[in-house]
Amino acid sequence: MPIRCEIVSQDKTLYEGDVDIVVIPGTSGVMGILPNHAPLLTTLNFGVVQVRKGGDEENFTVAGGVAEIQPNIVTVLADRAENVEDIDISRAEAAQQRAKEYMEKGPPPDSDRYLAMSAALHRSNLRLDAVRRYRKGKKQATRQTEE
Amino acid sequence: MASAREMRLRIQSVKNIAQVTRALEAVSASKVRKAVEQVENTRPYANKAWQVLRHVAGQPGRSTLHPLLTERTEVKNTLVLLISSDRGLAGAYNTNIIRFNMQNFKNYNTPTQYITVGRKGRDLLMRRGGNVVAEFSDLPAAPSFMDVSSIGHLAVEEFLKGNVDEVYLVYTDYVSMAKQEPVIKKLLPLELDDSDDLVQEYGEQQKIAAAYIYEPDAEEILNEIIPRFTALQVYQATLESLASEHAARMVAMRNATDNAHELVGALQLDYNKVRQQSITGDILDIAGGAEALAQSER
């Protein structure tokens, strides 16, 4: 029996479908959700949501959010999310570079801009990492080793 | 009948109006496209968030779960968040939402306070004696969540402080280009209506009665998501209203343009008649003069 998975970010629906397992990066650890899971509500960490169905696997980076789990549905409400296949590497690298440069200048660490930039750095690191790890064409589904 | 000159002026002025309304229509048409796109992009998230909220609220023991979910035994004050537009010329858009609101709250048994978004709604409400405690206007054309979240947070704060005991959201739902519907939603405390229209999306979803497992823990997660998702509902409502406003304005302006063209047609016909009459008169005069001349020469 499959479990339904819906991944939505604030500006669009990224994934909708019946799957075998969903792996989500909860704040207190990564968890794999199988069908008939007990109802659960968790906040999300920065990380990768994996959706597996048969031999297929799809990966999405998420930057925080909430996930609601019902026995036959997983709803991931991500603050920001992207399909790993859709990540624009050059843009992510540029963003990473920009953020790094900014951080090196040593701005006051409690300003909004500092926080925004460090979040941006975090996000682009996550994206690039996810691309490196998960984007190899769809055939070879790498085993998940997310911390 | 007016003179030909006067009529010519009138026709010209009606034509000018048609031009203006057509320009306004074009502007609204492009705005509505953007607004609808934004609304449709954020709708899935808002709907899902609402669903999650309702599932949380549907648990056994909800009243002890979080203050925002707790139904107050005695409702002394009601707060209404009313979303309208800053500008007029949008057909019946603003009147509709106000009338709808009045129908709902005219004979309400508790004092109602209003937080309005949009100048028109504020003005119309105050004229009708509504108690407006706060207003937000001049929102950017494409508001982001940050622009609007303060409105939702204000409502949440008022509720938590005990200044109000329930909060409603009144806005215009964008259904289609031709149809916008005023709706009312109970925001706080969350209410579970029996007509569970959202449940179909789940397919053979059984009714859940079990309590959630929370990670990290209930308090932390509820404190984060309930105010946030509530604010999100306000945000979505604002976007819906904005799309409705532009759609309503576009339709209103198109009607105005059509009417102006029709009027020009009718006026043109009258003008032509007057003109023809005066020419006939002139010819008769000349013919009469020539006849008289011819007779005197004979």
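**Exercise 1.** Work out how the lining residues of the largest pocket divide into nonpolar, polar and charged.

*Solution.* Start with the classes: Ala, Val, Leu, Ile, Met, Phe, Trp, Tyr, Cys and Pro count as nonpolar, Asp, Glu, Lys and Arg as charged, and the others, Gly among them, as polar. The lining then splits into 18 nonpolar, 10 polar and 12 charged residues.

A word on the set-up: this is a predicted model, where local features need pLDDT of at least 70, side-chain atom pairs count only at pLDDT 80 or more, and totals for chains, interfaces and linings use all residues. Residues are numbered from 1 along each chain as its sequence is written, chains are lettered from A in the order in which they are written, and side-chain values use heavy atoms, leaving out hydrogens and water.

**Exercise 2.** Find how many residues of chain B are in contact with chain A, and how much area the two chains bury.

*Solution.* First, take contact as heavy atoms within 4.5 Å: 26 residues of chain B meet 27 of chain A.

**Exercise 3.** Count the salt bridges between chain B and chain A.

*Solution.* Search for a side-chain nitrogen of Lys or Arg within 4 Å of a carboxyl oxygen of Asp or Glu. The count is 2. A:Asp79 and B:Arg228 form a salt bridge through their side chains, at 3.1 Å from N to O.

Terms used: Buried area is the accessible area (1.4 Å probe) that two parts lose on being put together, summed over both.
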